[in-house]
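Biologist: I should like to go through this protein with you, one region at a time. Could you bring it up on the screen?
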Amino acid sequence: RAKEGRRAARNDDDDDDDPKGGRKKKNLVTKSSLMLGLGETRDEVRRAMDDLRSHGVDVLTLGQYLRPTERHLSVVEYVRPEVFDDLREVGEAEFGFAYVASGPLVRSSYKAGEFFIANFIDEQRKKQATPKTQAF
């Protein structure tokens, strides 16, 4: 059996959150990350997504945990690419993340900001290019 992860890890409200789960600084885009493959269940991942959205997280990265050294936790499972694809769809469509980068090689610094911005700009351009109709 693999060692357990850090027990000290918390997701309590911090100073940037108000008591209702919204951010004080509304113009910020927030990002969080989950590493998969340590024995978590799909329900646990969904609960984590729900918790993150309820705390106002906008962008999520999901990646495969890879054991850096023998002293670190062992990999319990290598998550299949199609599971990462499904979790991306669930995160965006069901939980409402603005962007989910999800795949075996995705890391927390996985250019999520750049992808989000590129996607945002594309959406804005599409909206501007769509002809507006007026009712008379």
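Biologist: Let us begin with Thr-61; where is it found?

Modeller: This is a predicted model, and in it Thr-61 belongs to strand E2.

Biologist: Is Thr-61 buried or exposed?

Modeller: Thr-61 is buried, because its relative accessible area is 1%, and buried means under 20%.

Biologist: Which side chain does that of Thr-61 join in a polar contact?

Modeller: The side chain of Ser-33 does so, through a polar contact of 2.5 Å. Thr-61 also lies 4.7 Å from Ala-101, C-alpha to C-alpha, although the two are 40 residues apart in sequence.

Biologist: And how many residues of E2 are buried?

Modeller: Six of its six residues are buried, so the strand is mostly covered, given that buried means under 20% relative accessible area. Both faces of E2 are covered. Val-59, Thr-61 and Gly-63 are buried on one side, and Leu-60, Leu-62 and Gln-64 on the other.

Biologist: How many bridges join E1 to E2?

Modeller: There are six bridges between E1 and E2, and the two strands run parallel. Within this pairing, Lys-31 stands opposite Val-59 of E2.

Biologist: Let us turn to the helices. How far apart are the end C-alpha atoms of H1?

Modeller: They are 18 Å apart. That agrees with the span of 18 Å that its 13 residues should have at 1.5 Å a residue.

Biologist: Which residues of H1 are buried?

Modeller: Val-45, Met-49 and Leu-52 are the buried residues of H1. Seen down the helix axis, they fall within an arc of 65°, so they line one face of H1.

Biologist: Why would residues a few places apart point the same way?

Modeller: An α-helix has 3.6 residues a turn, so residues three or four places apart point the same way.

Biologist: What does the face of H1 turned away from the buried side carry?

Modeller: That face carries the exposed residues Asp-43 and Arg-47. The buried residues of H1, for their part, pack against E1, E2 and H2. After H1 comes Gly-56, whose phi is positive, near 85°.

Biologist: Which are the buried residues of H2?

Modeller: They are Phe-84, Leu-87, Val-90 and Gly-91. These residues fall within an arc of 120° when seen down the axis of H2, so they too line one face of their helix.

Biologist: What do they pack against?

Modeller: The buried residues of H2 pack against strands E1, E2 and E3, and against helix H1.

Biologist: And how far does H2 reach?

Modeller: H2 covers residues 81-94, which is 14 residues, and reaches 19 Å from its first C-alpha to its last. This is close to the 20 Å expected at 1.5 Å a residue. Just after H2, Gly-96 takes a positive phi of about 85°.

Biologist: Now the whole chain: how do the elements run from the N terminus on?

Modeller: The elements run β-α-β-α-β-α, with three helices and three strands in the protein. Of the 136 residues, 26% count as buried. Among contacts with a separation of 6 or more, 71% are between residues 24 or more positions apart.

Biologist: Finally, which of the elements has the lowest mean pLDDT, and which the highest?

Modeller: Helix H3, residues 112-129, has the lowest mean pLDDT, at 71, while H1 has the highest, at 98. For the protein, the mean pLDDT is 81, and 68% of the residues reach 70 or more.

Notes. Residues numbered from 1 in each chain as written. Predicted model: local features only at pLDDT ≥ 70, side-chain atom pairs only at ≥ 80, totals over all residues. Heavy atoms only, no water. pLDDT = per-residue confidence, 0-100. Helix = DSSP H or I, 4+ residues; strand = E, 2+ residues; numbered from the N terminus. Expected span 1.5 Å × (residues − 1). Buried < 20%, exposed > 50% of the residue type's maximum accessible area, 1.4 Å probe, protein only. Arc of directions from axis to C-beta. Contact = heavy atoms within 4.5 Å. Polar contact = N/O pair within 3.5 Å; in protein donor to acceptor, adjacent residues only side chain to side chain. Pairing = 2+ DSSP bridges.
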